[in-house]
Amino acid sequence: MTDDRRGPRPHRPAGRPALDLWGTVTPAARPVVRELLVNGPGTRTDLARTLGLSGGSLTRLTKPLVEAGLVAERSVVHDPDNGRPTRPLDIAGDGHRFLGVKLTADHLYAVVTDLRATVLAERAEPLAGRTPEAVCAQARRLLDEMGPDGPPEAAGVSLGGHPRPAGGAGPDGTAEQLCDAPFLGWRDVPLARLFRRTTGLPTVVDNDVAALAHAQHWFGAARGHRDFALVTVGAGIGYALFLDGRMRPLSALDLNGFSHHVLDPGGPLCPDGHRGCLAAHLSTQSLLAAAAQGLRRRVTLREVTELAVAGDPICRSVAGSAAWALGAVAGTIANLTGVRTVIAAGEGVELVGAARAALADGIRQRRHRDHHTLEVSLGPDSFTEWARGAAVTAIRAFVVRDPA
Ligand SMILES: [Zn+2]
């Protein structure tokens, strides 16, 4: 049994600043780190303008970052504004590696990424066991199989639950968090601590939809958007809303209300007995039940999607109902919140993509004359993206120290 304080420490390649150093960045300088990380290298003039700072303030904030080796000056370029030679600033942590793990009821998906969430290695396996200890041990084994150029320095784990802080933090910044994961039969599991003990990595746990939304905001389809919504379609329906650059806190009850929001009182039934709610139209279970009823046999989501694309009338109808529901809920979100960008993600997205006309119908029925101003993009449908979201959780927690 490894002592919690003396877990196996990852080896740090030369030239990479220690992950702990990011913790010394002052709150005032963190937006500079975030800007360089998300939008790439920039001149001091660009950064000052983007962040609304004077040149003097920016220099004061960046000087300690350069001195600590966290931010580096790149080769000289000529400032497009004034023609003067200048050296753009960039994040210096190119060598940092992060582990992201997404758990579902029956699978574990793992990725190793760099500091900007580029996936360098990935693995997926059925869960070998469902206890927290078994899951952590399996993640440790997959980690050993990946790590193309040295082990990662921090880990993020995401799952369909709402981890809550339990007070206190380990010496490496791993906060105590208690997780309920009904789909794994877990209650009050100190998952971050267990994972850290098993892998030796500072670890943070987050809700999977929130993690995916943050990843889309920084490194995905929502990059550059201050206002957007993410709707995920899979075993459950997920929702995240960003307003003015921050994610709105939504409770488990809020999300339950969202996923059972009634779109069509004459629509199909959900397992809770609602007619025409979002889950009845879009959850994987509902899509498979509808297809199986029509086809008179059991089918997989992949089969339904392929049959819909091939023109099978039953599966086209299932795809059409799902796509209409996604359009209608995107239109409703836009009507109520003012966002103009809705990203859909999850395993049901490909099926929705087979019925784009129905998606447009759903939007039009809710947005009326203004349907052209709402952009609904069909985003990532693979579980790799969810694991990447978990890696971004680690980057947010241990590099940018982003509180939201
Ligand atoms: Zn329902």
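1. Helices and strands in this note are DSSP runs, with helices of at least four residues and strands of at least two, numbered from the N terminus. In these terms, A117 falls in the loop between β6 and β7. The model under discussion is a predicted one.

2. A117 deserves a look at its backbone. Its phi is near 65°, a positive value in a residue that is not glycine. Is A117 buried or exposed? With a relative accessible area of 1%, A117 is buried, because the cut-off for that class is under 20%.

3. R296 also has a phi near 65°, again positive in a residue other than glycine. This arginine is placed in the loop between α9 (284–295) and α10 (301–309). Its relative accessibility is 71%, so R296 counts as exposed.

4. D114 is found in the loop between β6 and β7 (119–126). The residue is buried and yet has no salt bridge. Which side chain of opposite charge is nearest to D114? That side chain is R97, 5.3 Å away, whereas a salt bridge requires the nitrogen and oxygen to be within 4 Å. The side chain of D114 does reach the backbone nitrogen of R116, at 2.9 Å. Leaving aside residues up to four places away in sequence, D114 touches H96, R97, F98, L120 and I395.

5. The aromatic side chains may be taken next. How many aromatic pairs does a search of the whole structure find? The search finds four. One of them is formed by Y109 and F383, which are stacked, with 4.6 Å from centre to centre and 20° between the planes. This pair links distant parts of the chain: Y109 belongs to strand β6 (residues 107–113) and F383 to helix α14 (residues 383–400), 274 residues apart. Y109 is buried, with a relative accessible area of 14%, while F383 is partly exposed at 23%.

6. W218 and F219 form another aromatic pair, with edge-to-face geometry: the centres are 6.1 Å apart and the planes make an angle of 85°. Both W218 and F219 are buried. A further ring, that of W386, has K102 over its face, at 4.5 Å from the ring centre.

7. Turning to charged groups, the whole structure contains 22 salt bridges. Among them is the one between R87 and E73, whose closest N and O atoms are 3.9 Å apart. R87 is partly exposed, with a relative accessible area of 38%, and E73 is partly exposed at 32%.

8. R140 and D144 meet through their side chains in a salt bridge of 3.3 Å, N to O. Both residues lie in helix α4 (residues 132–145), four residues apart, about one turn of the helix. R140 is partly exposed, with a relative accessible area of 25%.

9. D244 and R226 form a salt bridge with an N to O distance of 3.2 Å. The pair links distant parts of the chain, 18 residues apart: D244 is in the loop between β14 (237–243) and β15 (246–247), and R226 is in the loop between α6 (208–219) and β13 (228–233). D244 is exposed, with a relative accessible area of 53%, whereas R226 counts as partly exposed at 49%.

10. Finally, a network of salt bridges links R123, E125, R141 and E145.

Notes:
Residues are numbered from 1 along each chain as its sequence is written. This is a predicted model: local features need pLDDT of at least 70, side-chain atom pairs count only at pLDDT 80 or more; totals for chains, interfaces and linings use all residues. Side-chain values use heavy atoms; hydrogens and water are left out. Rings of Phe, Tyr and Trp (its six-membered ring) pair if their centres lie within 6.5 Å; planes under 30 degrees apart count as stacked, over 60 as edge-to-face and the rest as tilted. Buried means under 20% relative accessible area, exposed over 50%, partly exposed in between (1.4 Å probe, protein chains only). A charge sits over a ring if NZ of Lys or CZ of Arg is within 6 Å of the ring centre and within 35 degrees of the ring normal. Lys and Arg count as positive and Asp and Glu as negative; His and the chain ends are not counted. A polar contact is a pair of N or O atoms within 3.5 Å; within protein, one must be able to donate a hydrogen and the other to accept it, and residues adjacent in sequence count only if both atoms are side-chain atoms. Contact means heavy atoms within 4.5 Å.
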